[in-house]
Amino acid sequence: MKNEIKKREPLSPAYILACAAFLILTLGPFIWAFIVSVTPEYEMFTNDSGMLPGEITWGNYAELLGMESQYSLRFTEGMVNSVKAVALTLLIGQPIAVITAYALSSLRFKGRTFFKYGLLITMVIPVFATIIPLFRIFSMNRLLDKTFWLSLVYVSSFLPMNTWLMSNYFASIPGELSEAARVDGCGYMSCFFRVILPVSYPIIAASSLIMFLSAWGQYQIPLILASSAATKPVSIVTSEFMTKDTIFYGVTAAGGLLAIVPPALMALIFRKYLINGMTQGSVKF
Amino acid sequence: MKKLYNRLLPYILLLPMIILMTALVYYPIAVTFSYSLKRMKLTRPNDIEFIGLQNYIEVLKSEDFIYSLQNTVFLLVLVVLLTTICGFCVALILNREHRLSGVFLAIAILPWAMPPIVNGIIWRFIFFPGYGFVNKLLLGLNIINEPVDWLSSRFLLLTVVAIVTAWRSAPFCAIVCLAGLKTIPKELYEAAAIDGSNSFSSFRYITLPLSLPFLGIGITSSSVTAVNIFDEIVALSGFSDTGKNLLIQNYLTTFSFLDFGKGSALTYIIMLLTSAIGVFYLRSLNKEVSY
């Protein structure tokens with residue numbers, strides 16, 4: 001292994017330049033948001049071309065995480081709401097995605113293609129096609145502002161993607177594995193639990209991550225279906241710090257950065273499964 | 001008994017999916033269609049009447065529709081171009097193994113973890129009309145003499161929206177491309193090198209053609225993203241008229257003016273426009289590649 005590293009040709013200047021551009025463009029926005037979040041409000045509008053604030057304040061973070069201010073109550077409630085909705089979405093969505101993907105990828109039955117395309121095509125249907133009547137149905141049945149029903153709507157919109165990723169992965173598992181198990185007398189279901197599931201953890205991790213990120217990032221759906229203080233996610237709360245007339249820059253930037261901590265952490269922790277899962281999942285060879 | 005069970009098993013497994021999708025997707029879509037044929041304003045709940053294609057005709061004739069359609073098409077082209085090119089370049093950067101490649105991958109997926117609305121908010125500080133980052137930078141370099149108002153004029157705003165959206169969607173494209181690049185056998189490059197191929201022609205004749213299938217996935221998924229841009233526009237310019245695309249127009253019609261009939265008709269028009277992308281999407285998802 002070590003020898004291999006030594007043998008590699010040195011990195012060319014063009015490559016290093018490309019890396020630098022990549023790093024600046026990717027990390028720049030985060031860094032700038034951080035600078036804004038620690039800049040005192042009075043310094044924000046001064047006309048000097050200096051990039052860094054003359055003075056650093058942690059007041060905005062204290063404002064959001066402290067216990068007394070009006071911001072912190074709204075912000076922490078938003079965080080809790082987001083966590084609840086995401087957890088419910090994963091708990092409901094992943095089991096359904098797993099069994100659907102198994103049926104569509106590994107079992108032969110009448111109407112398989114019909115069900116498969118019927119599910120996949122919904123990926124390109126705009127949210128409004130379903131949300132307009134859902135809003136009306138929900139409001140008539142008093143289901144608006146309920147985290148459970150919000151999560152169900154999330155599941156219905158992320159299910160096609162996750163099912164597709166998983167079923168491609170299941171299909172790539174060599175057939176001999178499950179055939180051997182079947183010869184030994186395993187039924188389809190025990191074969192699934194004993195043979196397929198144990199080797200599928202990379203794609204389950206990858207698709208859970210994708211579901212987590214999609215659910216955490218939702219804005220449009222909760223804006224319409226769950227906009228009360230008790231249910232609205234942190235994304236809406238943060239955007240409300242930026243109203244039409246007044247923008248609380250520092251607080252908004254700090255809130256935005258804090259709101260991406262959970263998804264960023266998840267993405268960093270599970271990133272290795274992403275490539276593994278994708279290699280077998282999204283591109284079939 | 002066992003045989004019957006095995007025959008029914010697939011349908012039993014699909015049942016939760018079918019119930020969920022029927023209740024929350026297929027049925028609502030049908031209801032939306034029925035709304036679109038009615039005069040239906042929530043402000044006048046007693047005045048609901050079947051009016052045929054009237055809503056569609058009115059929507060298609062309205063200036064707001066033409067304006068927001070132009071914006072959507074502009075965003076579509078720019079976002080797809082930026083996402084695919086940047087995503088592919090990032091994948092090429094990540095495909096080289098070196099001491100920092102693990103860290104690079106971690107950094108590359110960060111934008112993808114961003115909630116779109118937060119993405120818009122964070123970029124708003126960069127393109128802020130007063131002394132945002134870009135203006136400070138350009139002023140400092142003496143390229144401009146006074147701050148540029150990035151978010152007020154139509155195409156400047158749309159360009160910013162496209163950049164911001166591409167920044168968020170490029171990582172997914174990069175990961176798909178990277179996963180694809182990793183499946184290209186190393187032997188191909190070695191054989192080409194023995195035959196005297198330089199790195200440019202290896203790229204031109206091996207990497208690029210073998211990348212087309214997953215570039216297809218990148219292009220189609222970014223076009224779905226581009227048509228569905230909503231949060232970034234809201235964060236950058238609110239629900240103002242300047243930068244509105246079809247989705248914002250749809251939201252305004254339905255939930256601000258509470259005209260469910262017209263809103264539903266507009267939704268169906270959008271769906272027809274995107275179904276072309278949908279067909280392409282399904283095809284690229286199912287593409288098989290052989291060497």
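Leaving aside neighbours within four places in sequence, which residues is Val161(B) in contact with? The contacts are Leu75(B), Ile229(B), Glu232(B), Ile233(B), Leu236(B) and Gly243(B). This is a predicted model.

**The core**

Val161(B) also belongs to the largest nonpolar core, which has 151 residues. Val161(B) is among the residues with the most contacts inside this core, along with Tyr102(A), Phe125(B), Ala174(B) and Cys177(B). Helix α7 of chain B, residues 154-182, gives the most to the core: 18 residues. Domain 1 (1-57) and domain 2 (75-281) of chain A both give residues to the core, so the core lies between these two domains. In soluble globular proteins, nonpolar side chains tend to be buried together.

**A helix pair in chain A**

Helix α4 (residues 70-106) of chain A packs against helix α7 (residues 147-172) of chain A. The angle is about 40°, and the axes are 6 Å apart. The crossing of α4(A) with α7(A) is right-handed. Residues of the contact between α4(A) and α7(A) divide into 19 nonpolar, 11 polar and 1 charged.

Most residues other than glycine have a negative phi. Arg142(A) has a positive phi and is not a glycine.

| Residue | Phi | Loop | Other C-beta atoms within 10 Å |
|---|---|---|---|
| Arg142(A) | about 55° | between α6 (128-140) and α7 of chain A | 8 |

Arg142(A) is exposed, because its count of 8 falls under the cut-off of 12 or fewer.

Key:
Residues numbered from 1 in each chain as written. Chains lettered and ligands numbered in written order. Predicted model: local features only at pLDDT ≥ 70, side-chain atom pairs only at ≥ 80, totals over all residues. Axes fitted to C-alpha atoms, helices over the stretch in contact; angles between N-to-C directions. Helix = DSSP H or I, 4+ residues; strand = E, 2+ residues; numbered from the N terminus. Left-handed = near helix turned anticlockwise from the far one by under 90°. Nonpolar A, V, L, I, M, F, W, Y, C, P; charged D, E, K, R; others polar. Buried ≥ 20, exposed ≤ 12 C-beta atoms within 10 Å, placed from the backbone. Core = buried A, V, L, I, M, F, W, Y, C linked by C-beta atoms within 7 Å. Domains from an automatic or database assignment. Contact = placed C-beta atoms within 7 Å.
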